Amino acid sequence: MTAVRQTVLEIADLTVARGEHFQLRVPHLEARSGETLAILGPNGAGKSTLLEVLALLRLPDQGKVSFLGAPVRGHRQRLQFRRRISLAMQDPFLLSGCVIDNVALPLKLRGGNREEARQHARFWLERFGIPHLSERQAHSLSGGEARRASLARALVSDPALLLLDEPFSALDPPSRDGLLRDFQHALTPHTAVILVTHDRSVALSLAQQVAVLAAGRVQQVGSTEEVFRQPACETVAELVGLETILSGPVTACEYGLCRVEVSPGVGVEASGESVPGDYVTLCVHPEEVTIERQSDPSRTTARNVFDARIRSITPHGPGRRVEMECPFPLVALVTRRSAELLALKPGEVVSASFKASAVHVFPSRHAHD
Amino acid sequence: MQLILEAIREAGSRLLSPDSDLLSATWRTLQVSGTATFISLLLGVPSGVALALYRFPGRIFIVALINTGMGLPPVVVGLFVMLLLWRSGPFGALELLYTPSAMVIAQTLIALPVVAGLSLAALQSLPARLRLQLQALGASTLQTAWLLSREARLPLLAALMAGFGAVISEVGASLMVGGNLRGSTRVLTTAVVLEASKGNFASGIALGLVLLVLAYAINDVLTRLQQRGRERKS
């Protein structure tokens, strides 16, 4: 049985000025219950300002914010709405006192009775695997333990909207993975989650929806798959980790296949509709690039096959990241095993290929330069 | 040298068998400075907290005023309160001049900027995003102010100590608005001034020692409270 997804928070045509030179603009954003929306953006993109708006702590200069279907306006009503929202940040901000009182705090702020609040808090400490720390002084916890306590505190009030501001960053990888797992188990289906982050791997592992924010503007909103596969512009492509970003004029286009001249005399074929003469940007997903010792045209159906000189090979997670020149720069991700089988070495020339469907094309931002 | 040793010896014997003058001045000191500190705490901490948390027109002006007030010479405060309470002044009808109440008013005016200014600094020393965190956990305006003050309680205790220190040691204002009346508005500091001017150095030293011990004892209690909190925090 799947729960009906309800719109918890919706913002439309929002503008917020911060200082004299910065303005945040969000045409539309929606957080639905049972879903995680990641707001992905670099530092200075306006994430903190947006977070304050989402927490209903800052009213926009223009635009509409509605919470559970009702427009957000007055102060008194905002407190009522705010009490259905919660937040956990990178800094856990535990108050002095023992852990369980910290976790019980949101319930006490809502007028809950102390014993009941502590009971609930104990339940959430257990969910996050730290019931043994309940009587410890909050300031004596390690970084990872404090993060757990802060997430338990954020969930104890059973919020309709949970805001997360990098609560998984700056932790060692095992603690981080463990925390991510426990967090996902702890989520209830009626909670909408908005995760503000600059870390695309966290966005990838948690979010179903992604909104990319850069320079105060929402650049793209869509499903995680869509945003990561089909970035709408170069800024998004860079943020989602596409390294092979090329641009050039379309020289031919027919039957849904375009040819783009990415450097003089070198064409890349891409699926998509375009008009010859258009200037476009394209990106190639690194995991879709195949490397072979020698090209064998009879064995590959890839439209793009290049002789590529290897510039560097670096470890990348469990695999290897291979930087090549063909002669445009191309990055491939291969498994450690294939890198070893092929005995890849810097300086060597190999055959790199990728399908036209592995190339994503969008109008270039330099089109009118 | 002989004079000093003699004076110290005599002071010691006066302390061992305190007379009613000494006891009354000590009691009056505690009463006046304690009340003044308490009132400035009631008014100063909330003002400091409000100034730290809210932006409103005129805020910078008020903060600058408080900062100036932190270094206000007690005699100027004394003069000001004296003018207000003078028989033909605006509050003359209350007949408060030369009473302990007048001293409490003057000392409150001296301690208030100290307490408010240091409370403001105490709250501002907290991480800026802590407030966002508390509000986003559902704290109302008052709850946020209360929780933040609780987090800043150690520097707030320092504000309390500084306020108390400013008034228990002050002499100019007490002398002007209290009049140093024996058994009524004579406090330890004004008594020291009187005894020294009469050449009674032994009495002066005895009174001074009581003042020091008093100030130390109170600050010792507060410091213990503060540092115990600090140990628990780290």
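Author: Two strands are taken to pair if DSSP finds at least two bridges between them. The model is a predicted one.

The part to start with is the hairpin formed by strand 1 and strand 2 of chain A, which has three residues between the two strands. A:G19 lies in the turn, and its phi is positive, about 65°. Strand 1 of chain A covers residues 7–18 and strand 2 of chain A covers residues 22–32. The two are joined in the antiparallel sense by ten bridges.

In general, strands of a sheet pair through backbone hydrogen bonds, in either the parallel or the antiparallel sense.

Further along chain A, antiparallel pairing builds an open sheet of five strands in the order 13-12-11-14-20. Its edges are strand 13 (266–271) and strand 20 (359–363) of chain A; each has a single partner strand, so one side of each has no neighbour in the sheet. With direction ignored, neighbouring strands of this sheet are turned against each other by 40° on average. Within the sheet, strand 11 (residues 244–254) and strand 14 (residues 279–284) of chain A run antiparallel and share six bridges. A:L246 has A:L282 of strand 14 as its bridge partner.

Another open sheet of five strands in chain A has the order 15-19-16-17-18, again with antiparallel pairing. Here strand 15 (290–292) and strand 18 (329–335) of chain A are at the edges with a single partner strand each, so one side of each is left without a neighbour. Strand 16 (residues 304–316) and strand 17 (residues 319–325) of chain A are antiparallel and joined by seven bridges. In this pair, A:T314 is bridged to A:R321 of strand 17.

Chain B has eleven helices and zero strands. Its C-alpha trace spans about 65 × 50 × 25 Å along the principal axes.

Two of its helices can be looked at as a pair. The axes of helix 6 (residues 128–136) and helix 7 (residues 141–151) of chain B come within 10 Å and cross at roughly 135°. That angle makes helix 6 of chain B oblique to helix 7 of chain B. The crossing of helix 6 of chain B past helix 7 of chain B is right-handed. Helix 6 of chain B makes the contact with B:L130, B:R131, B:L134 and B:Q135, and helix 7 of chain B with B:T144, B:L147, B:L148 and B:E151. By type, the residues of this contact are four nonpolar, two polar and two charged.

Where the chains meet, 20 residues of chain B contact 28 residues of chain A. The area buried between chain B and chain A is about 2100 Å², and carbon and sulfur atoms give 59% of this. B:R129, B:Q133 and B:L137 supply 31% of the area that chain B buries against chain A, more than any other three residues.

How values were computed
Residues numbered from 1 in each chain as written. Chains lettered and ligands numbered in written order. Predicted model: local features only at pLDDT ≥ 70, side-chain atom pairs only at ≥ 80, totals over all residues. Heavy atoms only, no water. Axes fitted to C-alpha atoms, helices over the stretch in contact; angles between N-to-C directions. Helix = DSSP H or I, 4+ residues; strand = E, 2+ residues; numbered from the N terminus. Parallel < 35°, antiparallel > 145°, perpendicular 65-115°, else oblique. Left-handed = near helix turned anticlockwise from the far one by under 90°. Contact = heavy atoms within 4.5 Å. Nonpolar A, V, L, I, M, F, W, Y, C, P; charged D, E, K, R; others polar. Buried area = accessible area lost by both parts, 1.4 Å probe.
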